[in-house]
Every structure is written in C-alpha cells, then in structure tokens.
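Open the model in your viewer and keep the selection panel at hand. The tour goes stop by stop.

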Amino acid sequence: MANAKITDLAFELLHQIMLLVPHRMSRSYPSTTTSRLIGKDWGYPLREESNQLRTLAPLRTTCRAFDAAIQPILFSELTLDCLYTRLDIVEHQLSCFAEDNVSGPWNHYTRKLRIVNLDPCYDKTPSGGGVQYWEEYLSREQREQVGEMKMLIEERLLLGLRRGLPKLESLRWFVRTTDPVEQLVAHFSQLPCLESIELVFWNDKVFPGFPLDAFTNLTKLELFFFHDQEEVRLDNAWVDNARVLFQRLQKAIEASPALEQLALGKRFRYETYTYPELKNWPMFPNDLLLGSGNLRKLALRRFDLAEGFSTIPTTTKFYSTLFTHLPSLTSVDFTGSGYDTQQAIWRALLHSDVVLLTSIRVDYVNDSLIAYISQPKIPLESLTLILERLSLDDDLDWEGNANLARRVYRTVLEVHSGRLRCLDVQASGQTLWGVETASPGEGAGEGSVEHFEPRDAPVLLEETFLFKCQQLRSLGLVIDFQRALTATKMSLIPGAIEKRVTQFLRQMVAHMPQLDTVTIYPPERYSYGSFSDEAREKTREAIQAFTVTEKDRANAHFDVIFEESRYELRRDETSDGIDWAGDKVEETSIGSRWRFVDIDAEWDEEEAEEENREWFNAQARDELPGVF
C-alpha cells in the first residue's frame, strides 16, 4: 500500500472524485430582471450551468485513468450553436460523428443535446433577446462563412446526429422558423431512449404544424414561448395557432402514460383579443391531463388550462375535476397565472383529498393558499413566494396583506417546521413581508413594530417560527432596513445597515445549522432612491466583514447570495481579533476565524486571465464539447 496511487482506485470511485473537483455555478440574475426567471428555469441560451467542463478538460491529459474517469462527464452534453462565427467549432463537432469515428466518446456518453441556434445569422445576447444580422450587410468573408454553415446544416447535421448520438435521453431545442423541423422531429421521435423534451419557441412564434404528436413515451415535456423584445402582446392569430399546437400536445401526452413533468410557459401574460367573442374559446382541450395519473410536477407560467371559462366558480370546478385525475402530483408552479386562476386553483385544492403537494411556487398569496398549506396533512418541503406583482391586484388592503404575511411566518412555518427544506420569499416590493431583526442595544421604541406606520411594519425575525425549521437547507428573505433610515428617510444612519445584516447572519449561525444557502433580497424602496447604491454597498461590505469563529464554524455551512454575487466562507488567515464594529472579540490564534468571500469576483478575475491564454491544449481540444 506504500506505493498506492490515486490512479489505482476503481473507475467508479475515481469518477466520483472528478465530480467533486471545484467548479463555478452560473451567476444568479438580479432579482429585478425578467431574465432571472428565464435563466434559472428555462435554460437561457447563453448561460452555462457551470464551468465544470472547462475545469475538467485539461485534466484529461494527466493520465489515462483521469481521462477515462472524465470522459463520461465531459461528453455527457452537446450544444449546437450555428452562428457563422462558430464555423470551425460546428465543423469539428460534425466531423466527430463521421462514419470512421462512430465509436468515439460522443457516441458512448452523450445523453443530452441542446440546440440553441440553427440560423447562421442569429446571435443571442443575455440582455433580453438577440440580434438578427442581415446577410447583405456582412463582409464578403462573413457571407462565405454563412454559406458554408448553411451547407453544413443541410448536408451533414442530420446525418451526424443519426450516426453520432444514438443514446440521447434529453433534448432542449430553441426552435426558430428557419429550422428543418420536419426532418429533425422525424429523427428525434425515433430515438429509443429519448424521454425528455424542452422546446423554446423563439420570438413567441407558434408553429401549429409542429409535429409534437410524433413523440411518445416521454417522462418530461416543456414548452416555452420567448420573445426578443421587452414587451409584446399575443394576438388572435397567436391564440388560434396555440390551440392547434395544444391539440398536438394532448396527443403527445396521451402517448406518454409515464409522463412525470409538464411545464407550459410564455414570457408575457397579456393577450389582445381583437374579437371579444374569441376570448371565451378554450385554448386547451378540456380533457388535457385527465389520463396523466403519473404526473408529479406541473408548471403553468402565465398560462391557464381553464382559459375561456368566465367565472371563478366554473374555473374552480374545472380544476377540481382535473386534480382528481392527478393523484401523483407533488410539485406546482403557477407564477404569472392570473389572479382569478390562482384563486380557483387553491379553492379546488383546499377541498381535495387527492393532491398533497410538497413543493409550491407562486407569485400571488390568498386566503385559500394559506388555508391549504396550513393543513398538517400537507407534506410541504419547499415554498417559494415571488411577490413583486402582489400590489398590482387591488383586492388586498394593507391589513389583509399583513395578516397573510404573519400567517406564513408563524402558522405555516410552525405546522411544517419538521419537514420544510426550502423557504424563498422574494417580496422586494412588499414592505409587510420584509423581515427585521431585534438588534441588541436598541430601545423599545425604535426597535419595536409600534415604531412604524401600520402600512410599513415589518415582521420581526424573532417573532416568527423560522428557528423551529431545523431541516431548512435554503432560505431567501428580504431584510427590511427601515430603522437604518434617518427620521426624514432621506439618508442612512451610519453603521445601521451593517448592524442589521450582521445580526441577521449571527442568527442564522446560532439557530440554523443545516442551511446551505441564504439569499438576501434588497427592499425595492432602495431601487430608485438617492442612497440605493450606498445601501447595497453597505450590505455587501457587511457580508464580507462578517466573521465566524472556529467554534461556530460547525454550525455555519451556508453560502450567502446577494444580488449577482455568491459569498462563501473561507478561513481568514489575517484575522486580528477585531470584528466589523471595532468591538473586541475573544482572543484567537491566526487563521481561526472564517469570513465570507465573493467567489464570483474571484472567478471573474480568473476568466479575465484565461482570455489571454489558450486554456486547453491541442489534444484536449480535439474532442472537447462545443458548449463554449
């Protein structure tokens, strides 16, 4: 054993070690951007989930054992982006599928294909859409590249996919009008292992003739309609085309009895009906999902399966019938659905003995929802409330809103304290949902809820049942900074924000030992104020100045997420025994304290350095996935 080497380990163990190699996850979108929801849940085209492949690729050249252990990870996914500037990359990808290379790693290991673009003149950008280049304005060299790319797609793409990726299990396809839809669907629908399909119809185009009904035996099916522009209204033609497509969707669902996940979404919720009588025509078949007894996850983003029903009672009756046919349903996402729709859904679920949800994601809170999740029989594990648009619905006064917040933070948390693993309350625009900490040393007048106007009174953290939720792994809250403002509310009290952030983090360390991530959302009131930048900077400084002793480190395993940055606890080798406020702390040895570090900033520096050098050698590049 004295001469044992890591390469002597079994392949399976070495493979698991490679999965543990540190890598960067994709950066969070700002909480105020529309792209955040798209990026997290619909695979925004330019966002890599992580830099794991970049990190592992150079290690292949270390030795044969490392290469063998890394290949199943490195070649698990293939991304096709056919912008003309990527001609050499796409040509290399297709050459890997040539007849004399069918036994290569792609053939063995690739299970997921992501087609982000098949238009040589279309370039996506992460700021809400893309750029469509006019070919006649390109240079001669660029036009030649466009022509070569078109020829590659027409002559070699389909043949390469047939030869090189026979074991595909998952397909994510950003569909555009110029794509060879018929040919690709004919191929993909015949793959024996394909069970997951995610289709993003770019520019909100609906292809009523898209052969969705060609697919069978799916376990996951997602349709999303995305548009380049920031605002677009969907007219009668869009709705009519959608009806035809959803008829095909029904056939695909009926041909997939093992379907477990269904997600339907569009970027904007607004429709324009030129002819009022069309508004009452159902968009979806009335019996959609009635045969989907194995469905576990249902997401309706800005869609309503009962669209066309005129009243809440009739809509409630529709969903009551639907839920009786979904006994396996455990996870729902109704963000963006209309107010009446969510009222009807929760009224139906409240009286259902069939559906017992473990995961809920909504952007509107009402009495029926709170009543449903306050039942001990509901095995709730994850609750996400995105309440930015709650104020748009004027049926709630401030007192009703405050009552709902109190019931969530007290009743719901108490009922599910033994099982809740995720609580995420994104309520930047809702002062009554913000959480304050009872900072030590402050007088009863300033530190109490009575100090605030009733419409602005936040929830005191210490008065919630959050600390009883000992199974919590992920927490997201808005910290309310009202007491950090001067009496005129025009400036900040020096050190006040730092105290509140520090006290909040201390509470997490003291009471929540199982936490993995803590997300702090800034109150909306700082979005446009003259001191908004200052408040955000003070929050960032407080997070990075917060320290944990070696003794408390055992209870502090969480990262902190604030806006676009992720902070990780690192050992502080320069600790001098002084905390952020200048107060003396217990004397400790050098390196025995831990401090939050902005790991996104570190990675940005690393990426800047990588731009000036080739990060993989020629041998690694020969078979590197084209996802970069």
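Helices and strands here are DSSP runs, numbered from the N terminus; a helix needs at least four residues in H or I, a strand at least two in E. The model is a predicted one.

**Stop 1: a loop residue**

Select Gln375. It sits in the loop that links α12 (367-373) to β12 (382-386). Is Gln375 buried or exposed? Its relative accessibility is 18%, and buried means under 20%, so Gln375 counts as buried. Now show its surroundings. Leaving aside residues up to four places away in sequence, Gln375 touches Leu350, Val415 and His416.

**Stop 2: the nonpolar cores**

Next, select Phe188, Phe210, Trp346, Ile360, Trp433 and Met508. These have the most contacts inside the largest nonpolar core, which has 138 residues. Which helix gives this core its largest share? Colour α9 (residues 236-254): it supplies eight residues.

Zoom in on Ile360. Among the residues it touches, beyond those up to four places away in sequence, are Val332, Trp346, Leu369 and Tyr372. Ile373, Leu380, Ser382, Leu383 and Thr384 are also in contact with Ile360.

Then move to a second, separate core. It has seven residues, including Val116, Trp202, Phe224 and Phe226.

**Stop 3: strand β5**

Select residues 170-175, which form β5. Six of the six are buried, so the strand is largely enclosed by the rest of the structure. Show the side chains. In a regular strand, side chains alternate between the two faces of the sheet. Here Ser170, Arg172 and Phe174 point one way from β5, while Leu171, Trp173 and Val175 point the other way. Both sets are buried, Arg172 included.

- β2 (residues 112-117) runs parallel to β5 and is joined to it by four bridges. Look for Ile115, opposite Trp173 in β5.
- β6 (residues 196-202) also pairs with β5 in the parallel sense, over six bridges. Here Phe174 stands opposite Val200 in β6.

Together, β5, α8 and β6 make a right-handed β-α-β unit.

**Stop 4: cysteines**

Finally, turn to the sulfur atoms. A disulfide is a covalent bond between the sulfur atoms of two cysteines. How many disulfides does a search of the whole structure find? The search finds zero. Select Cys193: with a relative accessible area of 36%, Cys193 is partly exposed. Then select Cys422. At 18% relative accessibility, Cys422 counts as buried.

Technical notes
Residues numbered from 1 in each chain as written. Predicted model: local features only at pLDDT ≥ 70, side-chain atom pairs only at ≥ 80, totals over all residues. Heavy atoms only, no water. Buried < 20%, exposed > 50% of the residue type's maximum accessible area, 1.4 Å probe, protein only. Contact = heavy atoms within 4.5 Å. Core = buried A, V, L, I, M, F, W, Y, C linked by side-chain atoms within 4.5 Å. Pairing = 2+ DSSP bridges. Right-handed = clockwise from strand over helix to strand, strands pointing away. Disulfide = S-S within 2.5 Å.
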